[in-house]
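Here's a quick tour of a fold, written for someone who likes to know the cut-offs. Have a look at the model first, then read on.

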Amino acid sequence: MLLSIKPTHFLLKIGVIEINRDILIIGEQRCGKSSVTNQILKKYNNYESIRGDALIIPLQSAISRRTKEGNKNRIEDLALLNLSSEEIAIYFRDIYEELKIDLKSLGRSIIIDTYSLTVEDAIKYFSSDCDIYCLGMPNETTKNLKQMIKINDTKNDWTYYIGDIMLDLACNRIIRNSKTMKEQCERYNIKFFDTSGNREEKVAMIIKDIEKNTINN
């Protein structure tokens, strides 16, 4: 089957394929990272995605099951259940390096989205290959965020399965961590997008920025 890629996505120069830089989207949970990624994948058929949740959650679940079954290395396994941002960054980087070997030869770029990385680790492990975009909701209120989550919740969302008290705590954490990430982005000159308020409008704005500065640059 022939691979069809629009000419704006890459150029052919003397037999060498030039493709877009890859994209890393970081930020707190429920801030719109998946929405941005999904729309880019739908619009641009030369992108492949690496989902942070899809990589880390099954790994932790598998380790948890082994631990419950009395694995002799249960102490080491338990430690892995609480991986640091840097440990996760190294794990993601290894997977990224393996995937890009084949994808680059096909003229395809990679978009990664994850809530598991700090701004510092994103820069340390991915800035050489990826344009980094950070999403958060530092100016949202717990009440509004909780209401927004309940309106948009589906069975595929982890917030669908928790009660009001846990959801309040989660919303407070999302807002608090978003403020921290915004400060870090300002310090390191990383693009930060506040997705508080009208989500569809904010997501559209982010995609336009990515198109201008990464995809069509």
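Which helix gives the most to the lining of the second largest pocket? H7 does, with four residues.

## Ground rules

This is a predicted model, where local features need pLDDT of at least 70, side-chain atom pairs count only at pLDDT 80 or more, and totals for chains, interfaces and linings use all residues. Residues are numbered from 1 along each chain as its sequence is written, and side-chain values use heavy atoms, with hydrogens and water left out.

Helices (H or I, at least four residues) and strands (E, at least two) are DSSP runs, numbered from the N terminus.

## The sheet

Five strands make an open, parallel sheet in the order E4-E5-E3-E6-E7; two strands count as paired if DSSP finds at least two bridges between them. At the edges sit E4 (47-51) and E7 (191-194), each pairing on one side only. On average, neighbouring strands are turned by 20 degrees against each other, direction ignored. Axes here are lines fitted to C-alpha atoms, for helices over the stretch in contact, and angles run from 0 to 180 degrees between N-to-C directions.

E3 (residues 22-27) and E5 (residues 109-114) pair in the parallel sense over four bridges, and Ile25 stands opposite Asp113 in E5.

## Helices on the sheet and on each other

H5 (residues 119-126) lies across E3, E5 and E6 (130-136), at about 165 degrees to E3. H8 (residues 199-215) lies across E3, E4, E6 and E7, running at about 165 degrees to E6.

H4 and H5 pack at about 30 degrees with their axes 10 Å apart. The contact (heavy atoms within 4.5 Å) includes Ser85, Phe92 and Tyr96 of H4 and Lys124 and Phe126 of H5. By class, this contact has six nonpolar, one polar and four charged residues. Ala, Val, Leu, Ile, Met, Phe, Trp, Tyr, Cys and Pro count as nonpolar, Asp, Glu, Lys and Arg as charged, and the others, Gly among them, as polar.

## The pockets

A pocket is an open set of points on a 1 Å grid over the protein atoms alone, where a 1.4 Å probe fits, with protein on both sides within 12 Å along at least five of seven lines; lining residues have an atom within 4 Å of a point. Grid points are joined across faces, edges and corners, and a volume is the space filled by probe spheres set on the points.

The largest pocket holds about 770 Å³. Of its 24 lining residues, Arg30, Gly32, Ser34, Ser35 and Asp157 are the closest to its centre. H1 gives the most to this lining, with four residues, and the lining divides into seven nonpolar, nine polar and eight charged residues.

The second largest pocket has a volume of about 300 Å³. Among its 17 lining residues, Ser85, Tyr115, Ser116, Leu117 and Thr118 lie nearest its centre. This lining has seven nonpolar, nine polar and one charged.
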